[in-house]
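Good morning, and thank you for coming.

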2 protein chains.
Amino acid sequence: AMAVPAMAASHALPELNWRLATSVPPTIEFYEGAVTFAEEVERMTDGKFKIRVFAGGELVPAFGVFDAVSDGTVEMGHTASYYYFGKNEAYALDTTVPFGMNYRQFQAWWNYGNGKTLIQDLFAKANIVPFPAGNTGVQMGGWFNKEVKSVADLDGLKMRIGGMGGKIIQKLGVVPQSVPGADIYPSLEKGTIDAAEWIGPHDDMKLGFNQVASYYYTPGWWEAGPNLSVYINKEKFDALPVEYQAIVEAAATRANVDMMSSYDAKNPVALKKLISTGTKLRAFPRDVLEAAYAAAQETYAELRESNPDFKLIYDDMVKFQKDQNLWAGVAEGRQDAFMQSISR
Amino acid sequence: AMAVPAMAASHALPELNWRLATSVPPTIEFYEGAVTFAEEVERMTDGKFKIRVFAGGELVPAFGVFDAVSDGTVEMGHTASYYYFGKNEAYALDTTVPFGMNYRQFQAWWNYGNGKTLIQDLFAKANIVPFPAGNTGVQMGGWFNKEVKSVADLDGLKMRIGGMGGKIIQKLGVVPQSVPGADIYPSLEKGTIDAAEWIGPHDDMKLGFNQVASYYYTPGWWEAGPNLSVYINKEKFDALPVEYQAIVEAAATRANVDMMSSYDAKNPVALKKLISTGTKLRAFPRDVLEAAYAAAQETYAELRESNPDFKLIYDDMVKFQKDQNLWAGVAEGRQDAFMQSISR
């Protein structure tokens with residue numbers, strides 16, 4: 001005895017045409033996160049809520065997404081909050097910081113820790129509602145033209161690396177270089193730089209870095225699961241019907257899972273091709289990781305002093321992360337390690 | 001210049017009241033996956049599409065969810081497909097098999113491998129549309145009243161373990177016992193059984209197994225990321241408006257991520273409490289894992305011979321999994337291992 005379906009007498013849902021600005025060109029895999037998000041919203045509303053996605057620079061500057069959403073120039077954005085580190089270092093905690101949480105840990109912190117509340121409260125001050133909407137997973141440590149056998153080998157190395165990773169690796173002797181994605185290949189080729197980090201096997205191979213550098217290092221400890229965010233102008237979000245608010249959040253979750261799956265499916269295919277065509281896979285030696293970790297702790301101590309927003313959110317995150325690492329090493333880590341060892 | 005919102009002239013969405021049968025009591029954490037799913041659908045439709053969740057046995061028998069959804073007794077279910085292994089061994093591949101994929105790998109296979117197509121095609125024959133809607137992550141290897149130092153220590157051990165894990169561990173000398181969740185504690189206490197596996201720290205501590213067994217083993221290689229599924233009666237799903245179809249799928253994704261986050265947040269808290277109150281955490285020795293892995297391969301070889309559905313899906317899964325394990329060991333695994341070692 002099912003209830004007989006009745007037509008709803010309640011409000012019809014509005015037709016909306018919104019614009020979403022991204023920070024990247026469509027050639028970078030994580031542009032797809034924005035596309036997936038928009039498609040999911042459209043699908044869940046049968047086309048009533050349409051979102052047009054614009055590539056980085058098309059509508060607003062690539063790193064102008066934050067301001068454009070904040071002031072309502074566009075209704076939505078898809079970007080990485082750590083691009084806006086210069087405005088407030090705490091924004092980086094919505095993406096990742098060196099030795100930060102991995103993909104799953106970030107979701108756990110967002111959904112069952114204080115992550116969602118802390119991050120959304122911070123962004124509310126800028127009139128933005130952020131939701132997780134994509135992740136690359138742990139990135140690679142980048143391309144090097146010579147082997148790194150200890151911290152000493154980093155001394156004077158000119159490396160294309162930005163953000164907090166750059167600030168921290170500088171303490172190990174690296175000279176960080178600011179080089180746009182499109183200029184990395186020629187800079188490595190000409191020897192203007194000795195090393196460059198980008199994303200992971202799939203995106204890196206597209207840009208051909210394997211043709212101009214021999215050694216591919218792991219892991220990218222400065223990007224241990226960077227979270228991409230959907231931004232919605234807060235006034236516009238608050239004015240949406242409740243159905244649309246829930247649909248926007250769910251579409252972000254769909255995009256988040258989808259992007260992680262996409263990278264997971266594509267990265268090993270690219271990695272195998274890289275290795276079979278001569279790329280030499282190397283792991284950063286333990287002393288490099290330890291020195292970088294120590295340098296990162298110094299930086300966090302400084303930021304906790306100078307920035308109360310950073311202190312509030314970072315302290316909460318680190319406490320949560322510590323428990324996550326304990327648990328990850330017990331069941332998940334042991335099973336994964338066994339599977340990696342046996343299925344070679 | 002925003003487009004002016006217009007009221008949609010198109011169809012109003014129907015009011016629906018559906019029923020969802022689960023296989024578990026509300027005391028088991030993964031019952032919450034069904035609740036989250038129902039709440040998300042309701043939220044995205046502002047209450048027009050209501051789903052009432054029933055505990056295991058309340059409406060149909062706990063393991064009658066498959067049949068009830070298949071024949072339309074209920075519109076929806078939330079269950080684990082490996083419970084229906086007896087109908088068709090291939091159903092287990094929608095949940096997990098021993099040494100199967102972890103949470104993230106399963107999502108990647110579902111979204112960017114052939115997982116979704118293969119599994120949904122299989123279930124279509126039974127008039128069911130399944131979506132991933134929850135995961136426990138890698139489970140623990142269970143509670144033992146003595147140490148397991150090698151395969152020899154398993155000989156004659158009476159262990160509460162079901163499903164394919166039971167069939168496989170039997171080849172190592174264990175005598176699998178079928179014991180309902182509620183009877184595990186008294187059975188361990190009386191010594192009727194020597195060991196029992198259940199889920200992980202959070203659920204296990206609730207049932208007090210730490211009071212009647214000293215050794216807690218890891219990892220639960222027979223459950224390396226079991227996927228819980230939402231089932232929808234296929235005729236009823238196909239008759240839904242396209243918005244509701246998309247919303248149902250997105251709500252399942254929300255439940256999937258939410259359950260994983262919930263377990264990740266709660267398990268380390270419980271684990272610390274267990275260890276601080278005397279539980280001895282132990283890892284299965286390598287020879288046990290290797291013998292179990294070899295026994296599992298035998299079982300898969302038999303199933304590939306006897307069951308074409310199993311062969312089709314298993315072969316695809318294993319091929320995908322092999323690439324995933326390769327990649328997981330390169331960036332993710334190295335970063336995770338370092339973090340686990342440094343944040344102790």
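I shall begin with the basis of the values, then turn to the domains, and then to the chains.

This is a predicted model, in which local features need pLDDT of at least 70, side-chain atom pairs count only at pLDDT 80 or more, and totals for chains, interfaces and linings use all residues. Residues are numbered from 1 along each chain as its sequence is written, chains are lettered from A and ligands numbered from 1 in the order in which they are written, and side-chain values use heavy atoms, with hydrogens and water left out.

Let us take the domains of chain A. Domain 1 covers 16-136 + 224-265, and domain 2 covers 142-223 + 275-307; such bounds come from an automatic or database domain assignment. Their C-alpha centres are 26 Å apart. Contact, meaning heavy atoms within 4.5 Å, involves 19 residues of domain 1 and 20 residues of domain 2.

The size of an interface is often given as the accessible area lost when the parts come together. Here, buried area is the accessible area (1.4 Å probe) that two parts lose on being put together, summed over both. For the two domains of chain A this comes to about 1500 Å², with 64% of it on carbon and sulfur atoms. On the side of domain 1, Phe85(A), Pro98(A) and Phe99(A) lose the most area to domain 2, together 44% of what that side buries.

What is the salt-bridge count between these domains? It is one salt bridge, the term denoting a side-chain nitrogen of Lys or Arg within 4 Å of a carboxyl oxygen of Asp or Glu. Glu29(A) and Lys206(A) form a salt bridge through their side chains, at 3.9 Å from N to O.

I turn now to the chains. Between chain B and chain A, 89 residues of chain B are in contact with 89 residues of chain A. The buried area here is about 8100 Å², and carbon and sulfur atoms give 62% of it.

How many salt bridges does the rule find across this interface of chain B and chain A? There are 10. Arg104(A) and Asp264(B) also meet in a salt bridge, with 2.8 Å from N to O. On the chain B side, helix H9 (residues 242-276) supplies the largest share of the residues that touch chain A, namely 21; helices here are DSSP runs (H or I, at least four residues), numbered from the N terminus.

Thank you; I welcome your questions.

Definitions and conventions
Helices (H or I, at least four residues) and strands (E, at least two) are DSSP runs, numbered from the N terminus.
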